[in-house]
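Please look over the structure below before reading on.

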Amino acid sequence: MTPEQLFQAVGEIDETWVAEAADPIAAPVIPIGEKRRKKHLGRIAACVAAAAAAIVIALPNLSPSVAYAWEKVPVLRTIVKVVVWRDYQVEEGRYEADISVPQVKVEPQDQADDTVREQLQQSADHINATVEQMTDQIIAEFEETLRSDPHMQGADSIHVGHEVMTDTDRYFSLKVWNIEVLGSGYEQDYYYTIDRKTGKEVSLADLFADDGYIQTISDEIKRQMRQQMDADENKQYWLDDPEVEEWNFDRIAADQSFYITDRGTLMVCFNEGDVAPTYMGCVSFEMPDDIWTAED
Amino acid sequence: MSEQEILELYLARNEEAVRRSEEAYGAYCHTIAYRILRDEGEAAECVNDTWFQAWRSIPPAIPQHLGAYLSKITRNLSLNRYRHAHQKKREADRVAVCIDELQECIASDATPEMTYEQTFLGQIINDFVRDLPREERIMFVRRYFYMDSVAEVAAHLGCSESKVKTTMFRTRKKLQEILIREEVYA
């Protein structure tokens with residue numbers, strides 16, 4: 001099969017779906033023949049990309065001692081925004097980059113606790129520096145690829161964007177995704193979570209009292225992997241597979257990616273190809289409440 | 001005149017059907033043809049051919065959605081004309097861009113010799129589109145049937161271009177998975 005055959009097959013879809021998507025078709029007709037070329041390097045868009053969030057503090061449900069200590073932190077409110085501070089776009093031949101670099105901004109509020117606000121700013125600065133370093137590297141590699149192909153014989157398409165995954169009174173989670181469409185494509189997701197009570201950026205280990213979480217979460221993930229594969233023959237994880245022993249999932253990393261949902265559920269995340277064939281994409285596993293849940 | 005009334009003209013073999021079709025769907029079909037051919041004259045010819053083919057096929061065909069039926073005819077006629085004109089040369093136009101994106105759904109070791117019943121493939125694509133969530137389905141159809149640009153899809157649905165790109169990336173991944181499952185490619 002060729003992509004042309006696939007494209008032709010799209011023309012055979014039921015009229016219901018053609019009609020559903022029909023109105024309004026773009027008009028008037030605009031000539032599209034010219035190759036576009038645009039480049040806005042380093043443009044600071046500074047447009048608000050995600051909702052401002054009032055930060056209200058709540059309690060973790062970790063070890064009793066940690067929870068007790070956090071109970072004494074006074075309630076405070078601080079505003080966190082995610083803005084796009086750099087919008088890098090290139091279209092040259094069949095090369096395309098659309099890289100939106102987010103920045104976490106903390107806006108001081110009178111009623112916020114100074115110590116927590118300072119800590120929050122430090123966390124935001126660290127996240128921003130990490131994201132900037134990552135996107136700078138992606139941009140540098142993309143530009144190097146362009147330089148090495150002056151006749152534009154190749155093709156590449158890179159997209160970086162972000163999404164606020166959690167915006168609750170307790171936690172703020174930001175996801176930055178990077179998709180490189182080359183061949184079958186490859187996606188990597190990066191998660192950053194701030195505890196609004198302490199102002200600190202939270203790692204997975206911070207959510208638990210000791211290292212036991214690594215085994216507990218790993219066992220739960222294996223259980224879910226088996227359950228999913230039993231229920232759906234199209235799902236495949238690298239687990240107990242003698243043919244790919246070196247790839248088989250054993251245990252999570254101590255600093256495994258995660259985010260916390262608006263419902264206070266812990267989601268443990270893996271990038272494409274980490275624990276499953278790449279067609280499965282990025283995968284995540286929802287942890288039951290008896291392993292971890294956010295408390296009000 | 002409503003879609004149903006025009007359809008009834010076709011079914012009654014009333015030649016007024018063609019004139020009414022042109023009034024109601026002429027610009028619509030012309031846009032589709034022009035997106036593929038990028039030539040006003042050729043697009044106009046394809047649209048004229050559309051009425052002729054519709055006149056020949058209705059009845060026995062009784063389309064549920066006349067506009068969609070006509071647009072499919074226009075798309076196929078335009079693609080045939082496009083293929084004829086671009087046998088050796090591919091340009092960076094909408095068709096080429098869509099085909100490039102769909103390349104992601106094809107196994108890297110697939111060869112042109114691996115041909116399959118086009119109708120079988122069409123059924124797979126139709127089932128795939130049917131099972132998509134509504135918004136994702138509209139994105140897919142706008143992008144690969146109507147050949148909207150990403151910006152146009154985003155404008156159509158009132159969402160960001162990034163969302164369209166990300167959604168389409170994941171949709172193509174899903175399609176790749178379906179094609180593997182159906183053993184459409186090795």
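What follows goes through the helices of chain B, the cores, a sheet in chain A and some backbone details.

The model is predicted, and its local features are described where the confidence score, pLDDT, is at least 70. Chain B contains nine helices and zero strands. Among contacts in chain B with a separation of 6 or more, 62% are between residues 24 or more positions apart.

In soluble globular proteins, nonpolar side chains tend to be buried together. The largest nonpolar core here has 56 residues, and those with the most contacts inside it are B:Ala33, B:Ile125, B:Val141 and B:Tyr144. Helix 2 of chain B, residues 16-37, supplies the largest share of this core, with nine residues. The core also takes at least three residues from each of two domains of chain B, domain 1 (3-85) and domain 2 (94-181). What does B:Tyr144 touch, apart from its neighbours within four places in sequence? B:Tyr144 is in contact with B:Cys98 and B:Leu102 in chain B, and with A:Phe7 and A:Val10 in chain A.

Chain A has an open sheet of three strands in the order 9-10-11, with antiparallel pairing. Strand 9 (258-260) and strand 11 (283-286) are the edge strands, and each pairs on one side only. From one strand to the next, the twist averages 25°. Strands of a sheet pair through backbone hydrogen bonds, either parallel or antiparallel. Strand 9 of chain A is joined by three bridges to strand 10 (residues 266-270) of chain A, and the two run antiparallel. Here A:Phe258 stands opposite A:Val268, a residue of strand 10.

Back in chain B, helix 8 (residues 150-157) and helix 9 (residues 161-181) have axes that come within 8 Å and cross at roughly 110°. Helix 8 of chain B is therefore roughly perpendicular to helix 9 of chain B, since angles from 65 to 115 degrees count as such. At this crossing, B:Val150, B:Ala151, B:Val153 and B:Ala154 of helix 8 meet B:Glu161, B:Val164 and B:Lys165 of helix 9.

The last group of features concerns the backbone. Most residues other than glycine have a negative phi, and most peptide bonds are trans. The peptide bond from B:Ile58 to B:Pro59 is cis, with omega near -20°. The bond joining B:Pro59 and B:Pro60 is cis too, with omega about 15°. B:Pro59 is in the loop between helix 3 (40-57) and helix 4 (66-85) of chain B, and B:Pro60 lies in the loop between helix 3 and helix 4 as well.

A:Asp240 is not a glycine, yet its phi is positive, about 55°. A:Asp240 is placed in the loop between helix 5 (212-231) and strand 9 of chain A. B:Met147, also not a glycine, has a positive phi of about 60° and sits in the loop between helix 7 (134-144) and helix 8 of chain B. B:Met147 has 23 C-beta neighbours inside 10 Å and so counts as buried.

How values were computed. Residues are numbered from 1 along each chain as its sequence is written. Chains are lettered from A and ligands numbered from 1 in the order in which they are written. This is a predicted model: local features need pLDDT of at least 70, side-chain atom pairs count only at pLDDT 80 or more; totals for chains, interfaces and linings use all residues. Two strands pair if DSSP finds at least two bridges between them. Helices (H or I, at least four residues) and strands (E, at least two) are DSSP runs, numbered from the N terminus. Axes are lines fitted to C-alpha atoms, for helices over the stretch in contact, and angles run from 0 to 180 degrees between N-to-C directions. Two residues are in contact if their C-beta atoms, placed from the backbone, lie within 7 Å. A nonpolar core is a set of buried Ala, Val, Leu, Ile, Met, Phe, Trp, Tyr and Cys residues joined through C-beta atoms within 7 Å. A residue is buried if 20 or more other C-beta atoms lie within 10 Å of its own, exposed if 12 or fewer, and partly exposed in between; C-beta atoms are placed from the backbone. Domain bounds come from an automatic or database domain assignment. Angles under 35 degrees count as roughly parallel, over 145 as roughly antiparallel, 65 to 115 as roughly perpendicular and the rest as oblique.
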